[in-house]
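Me: Please take a close look at one helix in this model. I would like to see how it sits among its neighbours.

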Amino acid sequence: MEQVLQQLVNGISLGSIYALIALGYTMVYGIINLINFAHGDIYMIGAYVGFAATTFFGLGFIPALIVSMIMTAVLGVVVEKVAYKPIRKSTRIAALITAISVSLFLEYGMMYFVKAETRTFPEVLPSKNFRLGNVILNNKDVYIVIVTVVMMLILQYIIHKTKIGMAMRAASMDSEAAQLMGISVDNTISVTFALGSCLAGVAGVLVGVYYNSIDPLMGMMPGIKAFIAAVIGGIGVIPGAMFGGYLLGITETMVSAAGYSLYKDAVAFAILILMLLIKPKGLFGKNVREKV
Amino acid sequence: MKVINRKTIMLAVVILAIYAVVEMMIGQGIIDSYVELNIVLIGINIILAVGLNLVTGFTGQFSLGHAAFMAVGAYVSAIVTAKFGQPFIVAITLSALAASLAGVIIGIPTLRLKGDYLAIATLGFGEIIRIMALNIDYIGGASGFNDIPKMTNWTWVYFMVVASIVVIKNFINSRGGRACISISQDETAAEAMGVNTTKYKILAFVIGAFFAGISGALYANYFYFIKPDSFGYMKSIDILVIVVFGGMGSIAGSVVGAVVLSLISLFLQSIPELRMVIYAVILFMIMVYRPQGLLGKEDFRFKFLKKRVV
């Protein structure tokens, strides 16, 4: 039982990371129907910005987090303006391939500059363990969960209470109608990318702090996993992405704890395929009829 | 239309002449082993790209797991030749059949999905096959499969390339091929016209897998050594890049794409990171400025061979 609770704690930490990345996927997909393959790489760059901020500029945890958020938000907007805007009207396959090319560009461009080796993230948060009954709680677990929850609350506030949030919801529902109502869809899409990338940047710094190691290809797997999380929750549905992230994180740590750690990626993909076959709109998705 | 006419005879002569010239150059040592290695690699990429083009270009089903079928073929061939000592022809046949079987197993559930979801599901299946290979000790697991006898040579590669092009080209010009093209244009309309879309989608997928299996066998029996990570998601993207670069729906495009991209990566070998960056830029430029690919829908026509038909 203690073992299960302990793994649950680890699973929630990992799930927070997935949830943060999945939010970006789901918002972007909701608004322009594009699987932004480069999202996982924005998370990687977020981790590197955090690394640079803490190692070379000696910033603390919170300032590094904020620097990373700003940088990734800018990067997200640049990627959107340079790469995705020209292909917004083209076919689905063209859009997906463009996304893959942006992802390759960021991964290997980054590798060219920072070299392929793994880097050790500095210890910005001194490790402290709390005991909760028989479960050991590291303060990093607590930080991850608190930061994630705060981010999600801010996001919910932006989406449901502000004018730009309303514009985002309108554009994702029907971008043409939104445009007719005087919403600048271009700006709204940029804001969506900025917000999503910002959350990915947060996830990058958190992962650096939690696992202490970063490398230029670290975004590949978590990127795909976060997409799986977004699919589980129903793509385009924000609470769904959070739920999917936590579900996937917990499942993965449980599979590892049961001794099948080599199969944990396979389990994630199996969940994805089952989900797509049984309920392609996700657990929280609305059923939308396809129009001919 | 008769199968043996002036055009096909001329074509066969040209094909055999190319074979004989290169074979002679290899025998004379004009083509050294380094060049031969690259020719083999280009050949393997052509087979993969032509197969994927049938699935993605002609049938419009976006697959990101093509390398998995290559992995199945490679491992089956490695087992058959290294563990059971069977001749290469048996190994290639079994590889192709095993990969087709994998194609059926993966195709039946996933091909109900469309567009992005299909891409992600095939990516998932590809990764599952890779992870399974990583965890089976019989085939070497993560450390790879060693001491595979070298059986692939110019003859095998060349005739497999020719076979894949001929079979897929003829398939496209057949009733089944036209059904596949109609699916890529409008699946609903195709279905309304009485095309059994599921059947033809799976058929295209299986033919693609069949040739990917062959290319896997050629790969395994040329390089002595295979490991699961050679057949990951990046390999699938590599193949996709060839197809997109050459032109989706153009077999000639896939051949040109395989040759050009193999040469580009050869020249950039010393700077592997920049190689991928340049790849990415090429891919992006093509998607923005020429989404139909280098050759678009242009294809081999061989008009020059039958110009003087009486």
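Reply: Start with two words. A residue is buried if 20 or more other C-beta atoms lie within 10 Å of its own, and exposed if 12 or fewer do. Keep in mind that this is a predicted model.

Now the setting. Chain B has 12 helices and zero strands. Its C-alpha trace spans about 50 × 50 × 40 Å along the principal axes. A compact globule of 310 residues would have a radius of gyration near 19 Å, and chain B agrees because its own value is 19 Å. Of the 310 residues in chain B, 48% are buried. Take the contacts in chain B with a separation of 6 or more: 81% of them join residues 24 or more positions apart.

Next, the part itself. Helix H7 of chain B covers residues 175–185. Which of its residues are buried? They are B:Gly177, B:Ala179, B:Cys180, B:Ile183 and B:Ser184. Look down the axis of H7(B): these buried residues fall within an arc of 155 degrees, so they line one face of the helix. The spacing has a simple background. An α-helix has 3.6 residues a turn, so residues three or four places apart point the same way.

Turn to the other side. The face of H7(B) turned away from its buried side carries the exposed residues B:Arg175 and B:Gln185.

What does the buried side of H7(B) pack against? Its buried residues pack against four partners in chain B: helix H2 (33–58), helix H6 (154–172), helix H8 (187–192) and helix H9 (197–223).

Key
Residues numbered from 1 in each chain as written. Chains lettered and ligands numbered in written order. Predicted model: local features only at pLDDT ≥ 70, side-chain atom pairs only at ≥ 80, totals over all residues. Helix = DSSP H or I, 4+ residues; strand = E, 2+ residues; numbered from the N terminus. Rg over C-alpha atoms; globule rule 2.2 N^0.38 Å. Contact = placed C-beta atoms within 7 Å. Arc of directions from axis to C-beta.
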